[in-house]
Amino acid sequence: CGVFMAPLVGKVVRVIGTQRADLNGQEGRVESFNDATGRYNVILRSGELVALLPARCQPTAGGGGERAGGGRQGFDVRGLARSLPPPHQLAAGLAAVLCLVSGWSMGNAALAALVLFVVMTAVRDPGGPLAAARSAANAAADSMERVTGQRFTPAQVTCLLLSAAAFAYY
């Protein structure tokens, strides 16, 4: 959606009038607008991501470009990452460019694309890179259990995947 449809994107807002009393009065930065639900995605100062109707977002005085994490000016990596295409599209594009233009092998291009995908997913995730890594490790452990029928810990699966990636690289 355009700026005219979602004028609060990038602004600091105060949450008002929600049914969750713990949210009312909190401030956060509007990260994006979901056209499908008609709600703003707001990251509160606590780090929690909430989806709010426009009527529940009150712009703060001077809330133009401050970041929700303390009002400091600076480069907003998470905002930049959210403005780019989805991570899977970026990874596919990188793999194609590395193979077709740079002459990389498909294996090396796939590993580079995987690294880009993981980094972009982690940066875009409201919980940050650690939460994204934890979530990915748990999902991989669940997938391994479905395939093998045996339960692996997230640490075991992470070591297995890193070993496989190193083996494929060399």
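A salt bridge is counted here where a side-chain nitrogen of Lys or Arg lies within 4 Å of a carboxyl oxygen of Asp or Glu. The views below show a predicted model, in which local features need pLDDT of at least 70 and side-chain atom pairs count only at pLDDT 80 or more, whereas totals for chains, interfaces and linings use all residues. Residues are numbered from 1 along each chain as its sequence is written, and side-chain values use heavy atoms, with hydrogens and water left out.

**View 1. Salt bridges of Arg20.** The side chains of Glu48 and Arg20 meet in a salt bridge with an N to O distance of 3.2 Å. Glu48 lies in the loop between strand 3 and strand 4 and Arg20 in the loop between strand 1 and strand 2, so the pair ties together parts that are 28 residues apart in sequence; strands are DSSP runs (E, at least two residues), numbered from the N terminus. Arg20 also meets Asp22 in a salt bridge (2.9 Å, N to O). Arg20 is partly exposed, with a relative accessible area of 37%, where buried means under 20%, exposed over 50% and partly exposed in between (1.4 Å probe, protein chains only).

**View 2. Salt bridge of Arg45 and Glu27.** The closest N and O atoms of Arg45 and Glu27 are 2.8 Å apart in this salt bridge. Because Arg45 lies in the loop between strand 3 and strand 4 and Glu27 in strand 2, the pair ties together parts that are 18 residues apart in sequence. Salt bridges that share partners join Arg14, Glu27 and Arg45 into one network.

**View 3. The largest nonpolar core.** This core has 12 residues, among them Leu8, Val30, Phe33, Tyr40 and Cys57; a nonpolar core is a set of buried Ala, Val, Leu, Ile, Met, Phe, Trp, Tyr and Cys residues joined through side-chain atoms within 4.5 Å. Strand 3 gives the most to this core, with three residues.

**View 4. The aromatic pair.** The ring centres of Phe33 and Tyr40 are 5.0 Å apart and their planes stand at 70 degrees, so the pair is edge-to-face; rings of Phe, Tyr and Trp (its six-membered ring) pair if their centres lie within 6.5 Å, and planes under 30 degrees apart count as stacked, over 60 as edge-to-face and the rest as tilted.

**View 5. The hairpin of strand 3 and strand 4.** Four residues lie between the two strands of this hairpin, and Gly47 in the turn has a positive phi of about 100 degrees.

Conventions
Pairing = 2+ DSSP bridges.
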